[in-house]
Amino acid sequence: MMLLDARDLTIGYGRTAIASGIDLAIEPGTVTCLLGPNGIGKTTLFKTLMGLIPSLAGTVRLDGEALAQLSRERIARHIAYVPQAHPAEFTYTVLDLVVMGRTAYLGTFGAPKQADYAAASDALEQLGIGALAERDSTRISGGQRQLALIARALAQQARIVVMDEPTASLDLANRILVLDTVKGLAARGLAVVLSTHEPEHAFLVADKVAILGRDRFVTGPATDVLTPAQLSSLYGVALEVETTPSGRHVVGPAAS
Amino acid sequence: MRTATVLLALAALLIAAALLAAGIGPYRIPPFAVLDALWQRLIGGPVQTTIDTVLFNIRLPRIVAAGFVGAALAAAGAAYQSLFRNPLVSPDILGVSTGAGLGAVVGILLGFPVAMIQLLGFAGGLATVIIVVTLARALRSSGDVLVLVLAGIVVGALAGAAISLVKVLADPYDQLPAITFWLLGSLSGVKAHDVAATVPVVLIGLAPLILLRWRIGVLSLGDDEARALGVEVGRLRAVVIAAATLVTASVVAISGVIGWVGLMVPHMARLLVGPRFDRLLPAAILLGAAFMIGVDTLARSAARIEIPLGVLTAVIGGPVFVWLLAYNRRKLLP
Amino acid sequence: MTTASRRRVLAALLGFVAAVTLSQTAPAVARTVTDSARRNVAVPDAITRVFAAGPPASTMLYALAPQDMIGWVRAPREAEKPYLLPATHALPELGRLTGRGDTLNLERLLAVKPEIIIDYGTINDTYRSLADRVQSQTGVPYLLIDGHFENTPTSLRLLADVLGVRERGEMLAKAAETILARVDKTIADIPAAKRPRIYLARGTEGLESGSKGSINTEIIERVGGINVVEGLREKGGIVRVSPEQVIAWAPDTIITLDRSFKDSVAQKPEWKAVPAVANGRVFLAPSLPYGFIDAPPSLNRFAGLIWLLHTLYPDRIDGNLRDDIRAFYKTFYQVEPNERELTTLLSGAGG
């Protein structure tokens, strides 16, 4: 059963195509990692998958319906977006930030009610940051902010969560925390799609890996797709993959 | 909830300000007489004494007008601050005040009656924003608000240059003083029928802002995030611009150009109820109305002659703003 | 002819040619005059082309020597023409030179070949430096004449002397002095408590005024009126007031410059509470060809003095307003309006 299905997609802006021939199926309870060098179009692909920008060719279907036919609100109930954590211009509390995730359920003129605040608090608790609810969201750490944004996606009660480089600029502890959270979300039946620059993270959490290269789009299990040959040609530098005795994968420059 | 308490307090402040203002003025009316006259108007037939004339033909229209001017400017300022994701934005960012100024001073230059001057002011404000939006639409590649801001700066600068040209062409004895006073802002000539014409338009403009206040707040997260949360950003932006322009143009048409209110009152309101727009808007509206009533009362009673409103708001606004920044940096700026 | 006699003829011929040439090209600058700002300016002996720098100067020039006018600051409107000498009607519109920042292109100034420029108004360092600059840039003598109301007779004489119309200047100066004396005599024994309290209403709303000591209300105060508008400074300017303030001041007389204000004020409830409106004492000041009260601030305001005397003190003044105005126009403006034109003028048309 596919939640989100992209067929023969061409992505780009205006008349400029960035990549084409993309086929991607997202299934519930899975983690899909998207890798690719800087500027290749990962964000463009995400935005197309979420319906934020139109595709140049091909369609994206949500539960069988074409995204282009659906209203923003409808899409928001199914797909949640977790952007990279960035400081905001306004000093919203963490709870306020998270309760904004309920917008799609409020109707045009509505404001959040008791039930919405409950959902938001709940989401915070699930991620272990319930204590941050009344804190100023601009004065918490990057990792905490990233978790808050994930909590917002949870409050949105969407089945698909799209994350744009959620571990960028986070310290080690926070990276581990986020990756664990991602695995936990999938375990609960959500579909998580995230982009990352760390092939090792993909090895750790991904059920499916997709690489977006200059002239290719390849999907499959991590061990199949993230071969030294693929990785080297993707990033343009000689790389090798080592498996440690405990089963972890380490990616590094090829020994010369 | 705390917000409700604050809003109630602000409403009480507004009513108190209005009553106080009704009792202040160069023509001495003792407080008891003020209340008595108000009561008489409510229950019995009006008595045509001078007190009645001063209260109901001069002071009250002015107080009501001041309240709506303050409310409109504060609401527009708060909405734009959310829309442009910047707490330092004023309602004039798309040029509505400058455009209204141009329309009105052209009316003064051509010697039109006051009603026509007001109409030209209103039309000028609307036309300027339409030009800015059209220009931005023709220029932009993505839906970024930056292009709107730039277009607003350019068109606003052109309108400002045109105003300067009008000043050069105007008769220095007859027209230039009138132009100068208009550009500094004043409610001295406001009559009941001005109020009757303006209030409905302001209410029409405020309605969508109030009804959509939750979603307008979500806009402050950025276009992509807002869309992903279910907001039709393009449409909402158009509604906010239309509503803010409508309320601003209609009050500038009767009061002239008044700065600082739209920038400062939302900040003061933010201190009281926090940055969430659905709470900020009602607070800003009430606070703006009370503030403007206070300023206008000062304008007409601090000296024998009228002090222009724009001068007062700047003189009061500047130091208040600095104080706000100094003592409340944490709450105001991230 | 002998060589000697030939040389003598040649010398005589050369001398003749030289004399003729020199007399054509020698500058006609033959005298130095001192203007009101104590500037010594060299001017031609006989002057026939004068540029007036602004409306006040233009009024002075028209009164003293209309034949020397190069043009108008602003071309006369149709309604004004019956009250101006026909010979001046078709003179070109030149624009104004005074004020902060020159709005007139100096090349255009030179193109009309003025022999001198006269400026009538405030004498201060700003205007002194402006005069010096224009003079040195264009080479045209620039004279500053004091526009102070009380000094009008002196200024008339000074300007007449420069323009070579001493006789006319003396006549006008004496006429002005007579008017001033008449004002003083009429108001001499009116106690301060009985002086009229006056509000000058400018604009269609009537909410613009001149505060005490301003140039706009100067002549109102000169005829003994008390200007109810107290401004923020000693010497005031144009200010805005609220209707409530006017009610508080309670003037017994309102002088307005705007016809629509006069026509509509009696119906406006906020003005009905003002004694002047309640008693029907709202007067529309005439303004053809020039305003009687404040614009331009020049000797046209002497007509305003006469008009104010008749309007404010009808019991104390002898003579008839129409006769007095007719006489004024004949003396100063050199026109004789007929009965219909006089009525139009005095009814405040053109305001």
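## Exercises: two contact surfaces

23 residues of chain B are in contact with 24 residues of chain A, where contact means C-beta atoms, placed from the backbone, within 7 Å. This is a predicted model: local features need pLDDT of at least 70, side-chain atom pairs count only at pLDDT 80 or more, and totals for chains, interfaces and linings use all residues. Residues are numbered from 1 along each chain as its sequence is written, with chains lettered from A and ligands numbered from 1 in the order in which they are written.

**Exercise 1.** Work out which helix of chain B gives the most to the side that touches chain A.

*Solution.*
- Start with helix 9 (213-219) and helix 10 (223-228) of chain B, which each supply at least two residues. Helices here are DSSP runs (H or I, at least four residues), numbered from the N terminus.
- Helix 10 of chain B comes out on top, with four residues.
- Now sort that side of chain B by type: eleven nonpolar, three polar and nine charged. Asp, Glu, Lys and Arg count as charged, Ala, Val, Leu, Ile, Met, Phe, Trp, Tyr, Cys and Pro as nonpolar, and the others, Gly among them, as polar.

**Exercise 2.** Describe how domain 1 of chain C touches domain 2 of chain C.

*Solution.*
- Grab the bounds, which come from an automatic or database domain assignment: domain 1 is 26-182 and domain 2 is 191-346.
- Their C-alpha centres lie 27 Å apart.
- Count the contacts: 20 residues of domain 1 meet 24 of domain 2.
- On the domain 1 side, helix 2 (55-64) and helix 7 (166-187) of chain C each supply at least two residues, and helix 2 gives the most, with five.
- By type, this domain 1 side has 16 nonpolar, three polar and one charged.

How values were computed:
Contact = placed C-beta atoms within 7 Å.
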